[in-house]
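Welcome, and thanks for taking a look at this model with us. Please have the viewer open as you read the notes below.

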Amino acid sequence: MLSKYSNSRTLGDNIKLGALTAFSAGMVNVISVIIFFAFTSNVTGHYAVLAEEIAKGNWYQAGVVASWILLFFFGGFTANLIIINFNKTYTYLAHAVPIILEIICLLIVGSYIQFYYQETLVETEILVGLMLFAMGIQNGLTASISNSAVKTTHLTGLTTDLGMLFSMFTKKEYRENKALRGKAKIQMAIMTSYLSGGVAAGLVYLNIGYNVFYIVCLFLLVVIGYDFYKLKVSMYMSARQPFLRIQYLSGMHRNRKRKRKDLQNA
Amino acid sequence: MKVTLIYLGIFILLMGGVFSLMANDQSPSEKLLGDWEEVSWEYEKLDAAQGEEEWTLSKSITQQLKQEISQELAIHKAETWSFFPDGKISLEGKNGKASTLSWTLKGRGHVLKLFGHADSVEHYQIQKLTDDTMEIHFNTDLQARGIIKMTFKKINHS
C-alpha cells in the first residue's frame, strides 16, 4: 500500500491507501469539530476565515488561522521531504516515517485532551494546529506516493473530479476507458470512507469520548503494519525462491538418474 | 546551502509575520474580560417560510418573547455579564440576582461555551468583539424561529 511508488502502483493499492487514510481523516475532522469547533482536514474554509478576519481587523485571530494554514503546509512539506530524500535507499521507511509522525501528533493530542486539557483558548489553538500538521503530513504522503491520484483530505477537488467524471460517463467512449473508471473508483472509495469515518467518529465519540484518537492511530497502524507484512512476505518469498529452484532441479536430476538406471537394469 | 538559507529565510519571515499579527492584538479571551451590559435583543435573520411579509416586520424582540426564548437558557433574565480570568462568569439580572457559571472559548475564539448550569452546555457564536462592543448570535427554534442577535457594550474593563 505504501511501499510502491508513483507509477508502479496498482489501482488496488491506491484504493486501499485512499480508503483507509480517508477514513481516519474523516474521523479526525469530525472529532476536531465536536471538541474544538474547528475543522482540521480541510483548509479551503480556513482561507475564507483568514480573509474574513483580516477584513474585520481581528489580527490575533488572523494570525491564529494563518498559523494553522502554515502548519498544514509544513505537514505536506515534511512528508514529501522525507520521501524524496529516503525513497531510493529506504523505501518502506520513507513512507512509514510520515505516518509514524502523524500517529505521534494524534497521540499527543489524544493524551493531552484526556489528561491535561483545561479548555483554554491557547490549548485549543495549539491542539488544532497539531492536528492540521498531522493531516498535512497524511495528505502530502498519499498525494506523493500515488502521483497525486489520492488526496484524502481534499474533498472539494474530489467532488469536482467526480462531477466531471460522471459527466464524461454519459459517453460510451469514456465509459469504456479503464483509467477513467479506475479514477472514479478511487474517488468514490475516498468519498465514502471519509464520510463513514466522520459518521463513525460522531457515533463512537458518544460512547468512548476522547479515545477516538487512539482508534484513528490504530487505523494508521494498520496501514503501516499491512505494508510491513506484505514487504516481509515478498522478501521471504524471494529469499526462498533460489532454494526452491535448486531443490526442484536437483530432484529432477535424481529422477533422471533413477530412470536411466532402471532402463540399464531392464 | 544557498537553497537552505532561502528556505530558512522564508520560514522565519512567515513565522515572524504570524507572530507579529498576534502580538499586535489582544486575544479574544482577554478582550472578553470585564463587565458587559446587554443593549439589545434582535432577530439577525427571520424565518421567511411564512411569507414575504415576515421581512417587513420589526427585527426587535419584545421583553415577553425574550423571556420565553431564554426560559431554559443559562442567560435567562441576565442583563449584565461579568467575565473573570479564572474562567467564571457572573450573570446578573435587573433585580440584582446573580448566577455564576464557567466560560471558555472554542475554535479561533469565535464560540463562547457556557457550562455549569443544570448540567447543560450552551454555545454562543461571537460575531463581533471589540474593546467596547460584543455581538453574540445564537439559534433558537422556540417561537422566534431564527437567529437571535444580542448586543452588549462594555461598562467596566477588568
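## Chain B at a glance

Chain B exposes about 9200 Å² of surface, and carbon and sulfur atoms supply 53% of that area (Shrake-Rupley method with a 1.4 Å probe; for residues, only the protein chains shown count as cover). This is a predicted model, in which local features need pLDDT of at least 70 and side-chain atom pairs count only at pLDDT 80 or more, while totals for chains, interfaces and linings use all residues. Residues are numbered from 1 along each chain as its sequence is written, chains are lettered from A and ligands numbered from 1 in the order in which they are written, and side-chain values use heavy atoms, with hydrogens and water left out.

Chain B holds 3 helices and 8 strands, arranged from the N terminus as α-α-β-α-β-β-β-β-β-β-β (DSSP runs numbered from the N terminus: helices are H or I with at least four residues, strands E with at least two). Of its 158 residues, 42% are buried (under 20% relative accessible area, with exposed over 50% and partly exposed in between; 1.4 Å probe, protein chains only). Among contacts in chain B with a separation of 6 or more, 47% join residues 24 or more positions apart (contact means heavy atoms within 4.5 Å).

## A buried histidine in chain A

Now over to chain A, where H46(A) sits in helix α2, residues 44–56. With a relative accessible area of 6%, H46(A) is buried. Beyond its neighbours within four places in sequence, H46(A) touches F39(A), V65(A), W68(A), I69(A) and L132(A).

Across all chains, the structure has 0 disulfides (a disulfide is a pair of cysteine sulfur atoms within 2.5 Å). C105(A) is in none, and its nearest cysteine sulfur, that of C217(A), lies 9.7 Å away. Seen from C217(A), the closest cysteine sulfur is that of C105(A), and 9.7 Å is too far for a bond. Both residues are tucked away: C105(A) is buried at 7% relative accessibility, and C217(A) is buried at 4%.

## One side of helix α6

Which residues of α6(A) are buried? They are L155(A), G157(A), L158(A), L162(A) and L165(A). These residues cover an arc of only 150° around the axis, so they lie on the same side of α6(A) (the arc is that of the directions from the helix axis to the C-beta atoms). An α-helix has 3.6 residues a turn, so residues three or four places apart point the same way. The buried residues of α6(A) pack against α8 (178–208) of chain A.
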